[in-house]
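Hi everyone, thanks for coming. Let's take a short walk through a structure that may be new to you.

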Amino acid sequence: MSQSRVAASRGVRTGVPSGTALACADWQAFSGPGGRWVRSIERMESEAEARVTAAISRVTRGETFSDVSPAWVRFLQENMPVAAFAFNECGRLLQALSLRSPWGGLSDGLALQASMQHRQAQAIVLYIADMEQRLDTLPMPTARTRWRTDRSWLPTHHFLEQATTSPDWGEALVAINLCFEPLAGQLLRREFAMRLGPAHGDQVTGIVAETGQDEWALIRTWTAHLITFLVQDEEHGEENQALLQTWVARQLPAAEQAARALAGLVRDLDSHAAGSVARVVEDQRAFLGEVGLVAA
């Protein structure tokens, strides 16, 4: 057997450490998201930018946002800038993972997801700047302090910080894509911005979150493709599945804690906040089931 083939069987390329306990007979066989995905994302983002620009224009002309509840405005003032820190930290972590992964398809997918997370953070910051007349937003230094100290945000901050320090990029990816994003990410975008916003008269913030949701659908598909590739590997599939299951069991409790703490942000806005958590937990469990894993 050639030296390169031996390296591939151990999950590495010649001279390049894998950085993960996951193994694969041929990592190069994994195909990451290609140009079609990039073009799809670019189209989504362009269309979303047009929708957001039109929505904010209506607000600045005084056509909308006049009936938004004061409690919801306070929620946006206090938490939208902080959400930008959360998504930016996710992007920073994923970018680091892409550099730690030496295989093209995998590295490209991680880098693409990182760019999506950074885009979400940037979209929030730009939205805040555009809406400043209406929201009188908190300055970013204040938001940074809240990100690091507020009891509702602190579990999220700690979770992402811990994921950053993981010595195994495979476990860090499990922490983000199988645990954190399906729970905390879904709460922030779908349950808060897209469901609660309109209920409180806000027809704009949900539009900002829509593209993040479309991007999550792509990430979810790509992640399922990767997990399936690993657990169906002829030589290492069973070992990979056991390892992935171990990581899910280790990472999920902290991700759930982060989601439940975030739900506390809307306690005064939503009498059914527990229902929001239950929905994202149910969806996350279904996602795990699709790739042959369980929450236990």
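Before the tour, one term: pLDDT is the predictor's confidence in each residue, on a scale from 0 to 100. We need it here, as this is a predicted model. Across the chain the mean pLDDT is 85, with 87% of residues reaching 70 or more. Which elements sit at the two ends of that range? Helix α1, residues 3-9, has the lowest mean pLDDT of the chain's elements, at 33, while helix α10, residues 237-263, has the highest, at 97. The pLDDT stays below 50 over residues 1-17, a stretch that has 29 contacts in the model beyond near neighbours in sequence.

Now the overall picture. The chain has 11 helices and 0 strands. Of its 296 residues, 56% are buried. Among contacts with a separation of 6 or more, 80% join residues 24 or more positions apart.

Let's zoom in on one pair of helices. How do α8 and α11 pack? Helix α8 covers residues 169-199 and helix α11 covers residues 273-290; their axes lie 9 Å apart, at an angle of about 140 degrees. That angle makes α8 oblique to α11. The crossing of the two is right-handed. On the α8 side, the residues making the contact include Leu178, Pro182, Leu187 and Arg190; on the α11 side, they include Val277, Val280, Asp283 and Phe287. Taken together, the residues of this α8 and α11 contact comprise 10 nonpolar, 4 polar and 5 charged.

Methods:
Residues are numbered from 1 along each chain as its sequence is written. This is a predicted model: local features need pLDDT of at least 70, side-chain atom pairs count only at pLDDT 80 or more; totals for chains, interfaces and linings use all residues. Side-chain values use heavy atoms; hydrogens and water are left out. Axes are lines fitted to C-alpha atoms, for helices over the stretch in contact, and angles run from 0 to 180 degrees between N-to-C directions. Helices (H or I, at least four residues) and strands (E, at least two) are DSSP runs, numbered from the N terminus. Angles under 35 degrees count as roughly parallel, over 145 as roughly antiparallel, 65 to 115 as roughly perpendicular and the rest as oblique. A crossing is left-handed if the near helix is turned anticlockwise from the far one by less than a right angle, and right-handed if clockwise. Contact means heavy atoms within 4.5 Å. Ala, Val, Leu, Ile, Met, Phe, Trp, Tyr, Cys and Pro count as nonpolar, Asp, Glu, Lys and Arg as charged, and the others, Gly among them, as polar. Buried means under 20% relative accessible area, exposed over 50%, partly exposed in between (1.4 Å probe, protein chains only).
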